[in-house]
Structures are given as C-alpha cells and as structure tokens.
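Student: Could you show me, step by step, how to read the contact between two chains in a model?

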Amino acid sequence: MSWQWFHRLGSPRWFYQKSSAWLPWLGGAALSLLSVGVVWGLGFAPEDFKQGNSYRIIYIHVPAAFLALAGYYIMAISGAIGLIWKMKLSFVVMRAAAPIGAALTFIALFTGAVWGKPTWGTYWVWDARITSMLILFFLYLGVMALSGAFSREQSGDKASALLALVGTVNIPIIYKSVDWWFTLHQPATLKLTEASTIDPSMFYPLITMIAGFYLFYAWVLTLHTRTMILQREGRTQWVRELVGASAPAKA
Amino acid sequence: MQFQFDSLASFFAMDGHGPYVWASYGMVVLVLVVLAVTPVFRQRKLRRELQQQLRQEEARRRAATTRAASQRAAEVVE
C-alpha cells in the first residue's frame with residue numbers, strides 16, 4: 001500500500017539496517033566541512049573592525065545555537081509523532097536527540113559567555129536571549145531525566161514527549177528575544193527574508209560551519225539512535241541474529 | 001583570500017583575544033568528540049553483553065538436553 005513506507009520508517013530494524021550505509025558519508029561530509037570551516041574562520045576570514053579577533057567565535061557559536069534550536073524541533077516533533085502514531089522509532093529518536101541538543105545548547109551558552117567577556121565586559125547577563133537559552137538547556141535535561149524516570153519504558157516515552165511538546169513555547173521566545181526586549185545580545189546576523197548584515201568574506205565560512213554542524217548533527221543523531229535501538233530491541237530475534245552473526249568465535 | 005596573521009605566534013595570540021577564541025574552539029572540539037565517540041563505545045559494550053547473554057542461554061540449553069539424554073539413558077539401563 002502507499003502507506004507502507006511510513007510503517008517501514010517506524011521500524012527500528014529497518015532503520016538500523018539502512019542507516020549503517022549512511023554513517024560514513026554523513027560523518028565524512030560533516031568532518032570535512034567542519035575542518036574547512038574552522039580553518040577558514042580562524043585564519044582566513046578578515047578581522048572584524050569593531051570586535052577584533054574575538055568575533056571568530058561566531059563560527060561555532062551561531063551554528064551551535066542553530067542546531068540547539070533545530071534539535072529541539074526534531075526532538076519535539078519526534079515525540080509528537082510517537083504520541084500520535086505510536087511509532088516506536090520516533091520515541092527512540094526523541095530520546096537520542098535530548099543529550100545531543102543539551103550538548104549543543106551548552107556549547108552555545110559556553111562560547112557565548114566566553115565571547116561576552118572581551119566584547120561586553122562580562123561573562124553573563126540575565127538578558128532575554130541568554131536566559132531563554134538557559135531554559136532550553138534545562139528543558140533538554142528535563143526530557144533526559146523524565147524519559148529515564150519510569151520503570152516502564154512506554155511511560156517514560158509518553159511523559160518526556162509531552163514535556164518536549166510543552167517546552168516548544170520557549171522556541172519562539174528565543175528567536176524573538178533580541179527584538180522584544182532590550183538586550184546586550186546583537187540581533188540576528190543571518191536573515192531569511194532580507195539581506196544578511198554580514199560581509200560575504202565572513203558569510204561563506206559561517207554558512208560552511210552551519211552546514212557542517214547540520215551534517216554532524218545528523219551523523220551523531222543516527223549513531224545515538226542506532227545504539228538506543230540495540231539497547232531497546234535486545235530481546236528481539238533480529239538483534240540476536242545480528243549480534244550472534246558478528247560474534248568473534250562461539251565457544 | 002589570504003592568511004590574516006603575520007606569524008604563527010600572532011595567530012595564537014589573536015591580538016589578545018587568543019585565550020577566549022581558543023577556549024571556545026577547544027570546548028567545542030571536546031564536546032563534539034564526546035558526542036561522536038560515546039555511542040560507538042556504548043554500542044560495542046552492548047554487543048558484548050548481548051553476546052554473553054546469548055552464550056549463556058546456549059550453554060543452558062545444551063546442559064538441559066544432555067540432562068534429558070542421560071535421563072533417557074538411565075531409563076534404558078533400568
């Protein structure tokens with residue numbers, strides 16, 4: 001039937017088998033884009049006339065923040081799909097996305113704080129953008145904690161999916177925080193609807209890094225999802241066959 | 001496009017912003033490496049545990065069949 005692909009997509013086994021072919025491509029592309037972007041951004045992009053060399057942190061700060069937000073969408077939408085269609089795989093993706101999102105949010109907060117010191121004169125201010133990002137970090141941690149807090153796995157799936165969905169109210173607040181409140185944080189440099197306020201010589205390395213972070217995210221999310229599938233499906237026949245087939249030598 | 005610094009030393013110094021820039025990049029490398037490496041190690045450990053579990057089950061099954069066989073043999077002798 002025409003819905004067959006949808007059901008197949010929900011099957012952890014199908015995903016596990018298919019995704020092993022994607023991994024080297026995703027990983028290779030991500031690492032090469034990231035290395036090109038880092039060398040470009042650190043050594044070859046021109047110095048910022050106002051901020052000097054500290055601005056080079058933008059090449060990791062902005063991509064990490066992008067993915068911290070995009071990762072939240074992925075986590076919340078996976079949770080919603082799991083709740084609505086009871087798809088096993090989507091709950092696994094949701095669980096796998098939580099620690100990755102937390103790590104990326106941490107990077108955005110950390111690099112932002114370190115960038116703040118030479119630029120604003122302080123590591124931390126309780127302004128709208130930074131505080132809402134901190135809330136995002138806690139939401140990720142909350143989803144991680146809640147998903148592991150139940151002895152029945154399905155209860156953890158449902159509860160953490162609900163928390164992830166409720167937490168999406170924070171996302172537009174993060175986006176709009178630099179416009180709604182008076183803040184130290186500079187407004188968005190990259191815009192979808194109008195020209196970006198950034199010179200091409202700085203824009204190209206930045207977009208390289210953003211693409212690299214997206215690919216890295218896809219790679220790592222696949223890796224974490226596969227690991228979690230193996231963990232959850234340990235009792236099923238296909239995992240037994242998979243593990244048995246790759247056993248070094250049967251005693 | 002050209003390299004923006006006169007020397008390697010000035011590249012590391014970044015006009016005094018070096019510590020901030022390098023601390024940020026160092027932390028990013030650390031976090032990304034941890035993100036990529038943890039699932040690989042966890043999966044390796046999981047596979048080992050599952051294999052061990054499979055071997056134990058196999059051994060138990062084999063023990064059960066030999067027990068049954070010896071029982072049958074004992075019955076024949078009687």
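Tutor: Let us begin with a term: a salt bridge is a side-chain nitrogen of Lys or Arg within 4 Å of a carboxyl oxygen of Asp or Glu. This is a predicted model, in which local features need pLDDT of at least 70 and side-chain atom pairs count only at pLDDT 80 or more, while totals for chains, interfaces and linings use all residues. Residues are numbered from 1 along each chain as its sequence is written, chains are lettered from A in the order in which they are written, and side-chain values use heavy atoms, without hydrogens and water.

Student: How many salt bridges are counted between chain B and chain A?

Tutor: The count is one salt bridge between chain B and chain A, and in a salt bridge the side chains of Arg240(A) and Glu57(B) meet at 2.9 Å, N to O. On the side of chain B that touches chain A, helix H2 (residues 18-77) of chain B gives the largest share, 26 residues, where a helix is a DSSP run of H or I with at least four residues, numbered from the N terminus.

Student: What is the area buried between chain B and chain A?

Tutor: Buried area is the accessible area (1.4 Å probe) that two parts lose on being put together, summed over both. Here it is about 3,700 Å², with carbon and sulfur atoms giving 71% of that area. In chain B, the residues that lose the most area to chain A are Tyr20(B), Tyr25(B) and Leu35(B), together 18% of what that side buries.

Student: How many residues does the contact take from each chain?

Tutor: With contact meaning heavy atoms within 4.5 Å, chain B gives 35 residues and chain A gives 51 residues.

Note on methods: Helices (H or I, at least four residues) and strands (E, at least two) are DSSP runs, numbered from the N terminus.
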